[in-house]
Amino acid sequence: MGKVEIINGVETINGEGFQLTLLDKVIGAARANSVWPLPFATSCCGIEYMGTMGSNYDVARFGMERMSFSPRQADLLIVAGTISKKLAPILKQVYEQMAEPKWVLSVGACACSGGIFDTYSVLQGIDRVIPVDVYVPGCPPRPEQIIEGCMNIHRLVKSESLRRRYSDEYKHLLKKYDLNDE
């Protein structure tokens, strides 16, 4: 037959004139290496995220150099900073405008849990309005932590089944957040 190799985390069988692998693995690798993030930065965590974009840390190494400021063209929503309760419906609307498949990275203590602002006006974690895939704690988190969060998103994207978004469990999750499941 052919020689079994692992190329970019995808197990393939290479032979003379042919190459075999699983379609799920190829699509997962392609998605993971071309994530288009939408930064939703509101405070000091946003500044740290901007530092992550700079030449010292360079998220372009991970296929994330194209920032998408349109939700319809993004597949990763990076929420960095304090989200007030007045801003929560806008965040939810941005999430709903994103096309499937989509992922959410919550950056900083304020986005994860409200941080030090335990007040009437601050949302105590964005997971109260949208589902979150990866949390990056810290006040503010270092760029290395944000990159680690992005790498966790990449691992999730690579291993996610193409059919997971159509499962009953996922549809139940969307109903829990009162989101459209279309």
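Here are some notes on this predicted model, point by point.

1. Ground rules. Residues are numbered from 1 along each chain as its sequence is written, and side-chain values use heavy atoms, with hydrogens and water left out. Because this is a predicted model, local features need pLDDT of at least 70 and side-chain atom pairs count only at pLDDT 80 or more, while totals for chains, interfaces and linings use all residues.

2. The annotated region. An unreviewed UniProt entry carries the annotation "domain: NADH:ubiquinone oxidoreductase-like 20kDa subunit" for residues 44-152; UniProt positions are in the numbering used here, feature names are shortened, and annotations may be inferred rather than shown by experiment. The chain over residues 44-152 is 32% helix and 12% strand, with its end C-alpha atoms 22 Å apart. Helices (H or I, at least four residues) and strands (E, at least two) are DSSP runs, numbered from the N terminus.

3. Helix α1. Which residues of α1 (residues 23-32) are buried? They are Gly28, Ala29 and Ala32, where buried means under 20% relative accessible area, exposed over 50% and partly exposed in between (1.4 Å probe, protein chains only). These residues cover an arc of only 95 degrees around the axis, which puts them on the same side of α1; the arc is that of the directions from the helix axis to the C-beta atoms.

4. Charges over rings. Arg66 lies over the face of Trp36, 4.0 Å from the ring centre. The charged end of Lys102 sits over the ring of Tyr95, at 4.2 Å from its centre. The criterion is NZ of Lys or CZ of Arg within 6 Å of the ring centre and within 35 degrees of the ring normal.

5. Backbone spots to look at. Two peptide bonds deserve a glance: Glu100 to Pro101 is cis, with omega near -10 degrees, and Cys139 to Pro140 is cis, with omega near -20 degrees. Pro101 is in the loop between α3 (88-97) and β6 (103-107), and Pro140 in the loop between β7 (134-136) and α5 (143-159). Asp58 is a residue other than glycine with a positive phi, near 55 degrees; its place is the loop between α2 (44-53) and β5 (76-80). At 29% relative accessibility, Asp58 counts as partly exposed.

6. The largest pocket. Its lining has 16 residues, with Pro131, Asp133, Arg164, Tyr170 and Leu173 nearest the centre. β6 and α6 (168-176) each supply at least two lining residues, and α6 gives the most, with three. A pocket here is an open set of points on a 1 Å grid over the protein atoms alone, where a 1.4 Å probe fits, with protein on both sides within 12 Å along at least five of seven lines; lining residues have an atom within 4 Å of a point.
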